[in-house]
Amino acid sequence: MPSSLITQDHIDTYQREGVVLIKGLFKNHVDLIRAGIERNMAEPGEYAAENLKEGEGGRFFDDYCNWQRIPEFVEVVNNSPAAEAAADLMQSQTVQMFHDHVLVKEPGTSKATPWHQDGPYYFVEGQQTVSFWSPMDAVTGATLRCVAGSHLWEKPVLPIRWLSEQNFYGDSDEYMPIPDPDAEGMPIREWEMEPGDAVAFNYYTLHGARGNTTEQRRRAFSLRLLGDDARYIERPGRTSPPFPGHDMKPGQILREDWFPIIYKR
């Protein structure tokens with residue numbers, strides 16, 4: 001049976017479209033997450049990035065893999081409803097933590113987040129995956145946008161570096177070119193959201209985000225979680241996040257001392 005937060009309609013939509021809105025998933029943790037984001041920005045990790053070129057207005061900050069050193073994020077990972085919701089959506093008996101991600105677009109940041117799938121950047125293969133993207137400020141314009149059904153495409157989308165726009169792994173026929181969903185009339189899902197609402201999407205769902213041309217911040221917190229069928233896979237180059245020294249072999253379940261099980265049926 002689904003949890004009280006997740007309905008059968010949520011599950012059916014997630015399985016069919018690869019994306020669904022979960023109202024209020026982090027509603028009881030908004031202040032905690034906001035404090036964690038401020039701590040993260042004041043004390044950036046080794047993967048922190050500023051994603052604007054010289055002359056572009058605003059600020060687009062992101063950072064990931066910090067949850068074990070930021071106590072507010074530890075609390076959210078261990079005590080929010082996200083893990084149980086993930087198990088429902090993925091139809092998985094277990095939920096494994098992969099990583100956290102903070103993305104902040106300050107007012108006047110016109111740059112959009114490029115269209116991409118998360119999966120090709122990761123050393124993970126499997127259909128039982130979920131990312132939760134939750135704004136900590138009300139969003140009407142600076143929203144996340146997802147292409148419904150793209151998690152079922154035959155080929156993954158070519159990963160690129162956000163700032164340089166270079167191919168992440170060099171030339172490879174394993175990947176399809178990045179489409180233009182607006183020009184190509186693809187079914188795009190986006191919602192106006194309140195702080196603590198969350199968009200859940202599969203690692204292979206094509207997504208991007210609008211720039212923030214409003215006068216308020218757009219702080220977003222993401223959790224990337226894994227289900228029963230997730231396995232380590234080698235990519236043509238250094239993945240993002242890289243997790244150096246992991247010593248895993250293709251086909252293995254991700255090592256639980258680095259990627260702990262945070263929920264079991």
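The exercises below concern a helix, its packing partner and a loop residue. The model is predicted, so local features need pLDDT of at least 70 and side-chain atom pairs count only at pLDDT 80 or more, while totals for chains, interfaces and linings use all residues. Residues are numbered from 1 along each chain as its sequence is written, and side-chain values use heavy atoms, with hydrogens and water left out.

**Exercise 1.** Determine how many residues of helix H4 are buried.

*Solution.* Helices are DSSP runs of H or I with at least four residues, strands are runs of E with at least two, and both are numbered from the N terminus. Buried means under 20% relative accessible area, exposed over 50%, and partly exposed in between (1.4 Å probe, protein chains only). In H4, residues 82-90, eight of the nine residues are buried. Among them are Asp 88, Leu 89 and Met 90.

**Exercise 2.** Describe how helix H1 packs against H4.

*Solution.* Axes are lines fitted to C-alpha atoms, for helices over the stretch in contact, and angles run from 0 to 180 degrees between N-to-C directions. H1 (residues 8-17) and H4 pack at about 65 degrees, with axes 8 Å apart. Contact means heavy atoms within 4.5 Å. His 10, Ile 11, Tyr 14 and Gln 15 of H1 meet Asp 88, Leu 89 and Met 90 of H4.

**Exercise 3.** Is Ala 142 buried or exposed?

*Solution.* Ala 142 lies in the loop between strand S7 (129-135) and strand S8 (144-147). Ala 142 counts as buried because its relative accessibility is 4%. Leaving aside residues up to four places away in sequence, Ala 142 touches Trp 133, Arg 210, Gly 211, Asn 212 and Arg 218.
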